[in-house]
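Please read this briefing alongside the sequence and the predicted model shown below.

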Amino acid sequence: MTGGGVDAAAPGAGTPQAPPAAPAGTTDVFADTIAELTWYEVERAARDGAVLLWAFGVIEQHGPHLPAGTDVYLPGARLREVRRLLAGRGIEALIVPPYYWGINVVSGSFPASYGIRPELMEQVMADLLTGLAGDGFRHVFCFSGHGDALHNRTVHAGVRAGRERTGADISFVVEPELAQRLGLDPDDPALTVHASAASPGTPPGGRVAVSSPGSAAGGAGAGGIDVHAGRWETSVMMHTHPGLVRDEVRATLPATGHGLSELAVWRRGYDDARRVTPRGYFGDPAAAGADEGRQLHAAAARLAADAIEERLGTG
């Protein structure tokens, strides 16, 4: 084979084969991603107009009952479901292995919580997006697995830098609440804004954004606001990665019962956050359930798939 094109006679140069579906509860972050494909298959998918899905998480403490990789595992599972839904609508999508060295302010004083400089993350994103566009991918949809405001602003900045460098249609998939919290214009072409949905069983006025931790909208239930390693996040982990939940610990954890004033202090991060949540969670993990997690997971994936389909359909 010579040059950069695919030799039709070369092994694996035919129609790209999708990676086998990841088993339920997988802890392999490469599962069902382009890391499991050959370069022939990736090149052919790009030529055929496949879109890319990419999650941006962080390694961060999640209380005494969830793993530090929660913000990587959850969006990875969600993107596998988004990919499945898109395939059923005739849209081919590939998943980029998750990015997990993000920005960590809120949990910055806890062990197992790591971060890098925002400007470094932005440039790494721009370089990698340039490489993906160079392979011929014209649509990249980026997702957040982490609620830290600075992390999400950095994802947005990296997306904008990637768009400027490549001219590709790269966007950050968010719900309106997150865009509002970050002060972003919902009409920004670097955003794909999708609808919100109520979490199952949430009373009127206590809506929980189910699309991603990035919203951090919280639910004002009996256990107070729920934003980190609490009921909703634990519920989804119980559905997607039950083997990683320390359930015997989870069942003993009292609800934090915090309100908006505590949330404001907690969002300052570092020692302020550790003082508000010394055990590392903000919400009611004991109230979590796998069935609720299944509903939240399905709703989040459906909303994301709908938004992607709409963006592709409207150009």
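Leucine 128 is partly exposed, with a relative accessible area of 41%, where partly exposed lies between buried (under 20% relative accessible area) and exposed (over 50%), using a 1.4 Å probe and protein chains only. This is a predicted model in which local features need pLDDT of at least 70 and side-chain atom pairs count only at pLDDT 80 or more, while totals for chains, interfaces and linings use all residues. Residues are numbered from 1 along each chain as its sequence is written, and side-chain values use heavy atoms, with hydrogens and water left out.

**Around leucine 128**
- Leucine 128 sits in helix α3, which covers residues 118-134; helices (H or I, at least four residues) and strands (E, at least two) are DSSP runs, numbered from the N terminus.
- Although 34 residues separate leucine 128 from glycine 162 in sequence, their C-alpha atoms are 8.3 Å apart in space.

**Strands β1 and β2**
- Strand β1 (residues 51-56) pairs with β2 in the parallel sense over five bridges, pairing being counted if DSSP finds at least two bridges between two strands.
- Phenylalanine 56 has tyrosine 99, in β2, as its bridge partner.
- In strand β2 (residues 93-99), seven of the seven residues are buried.

**The whole chain**
- The protein chain contains 10 helices and five strands, and 55% of its 315 residues count as buried.
- Of the contacts (heavy atoms within 4.5 Å) between residues at least 6 apart in sequence in the protein chain, 75% join residues at least 24 apart.
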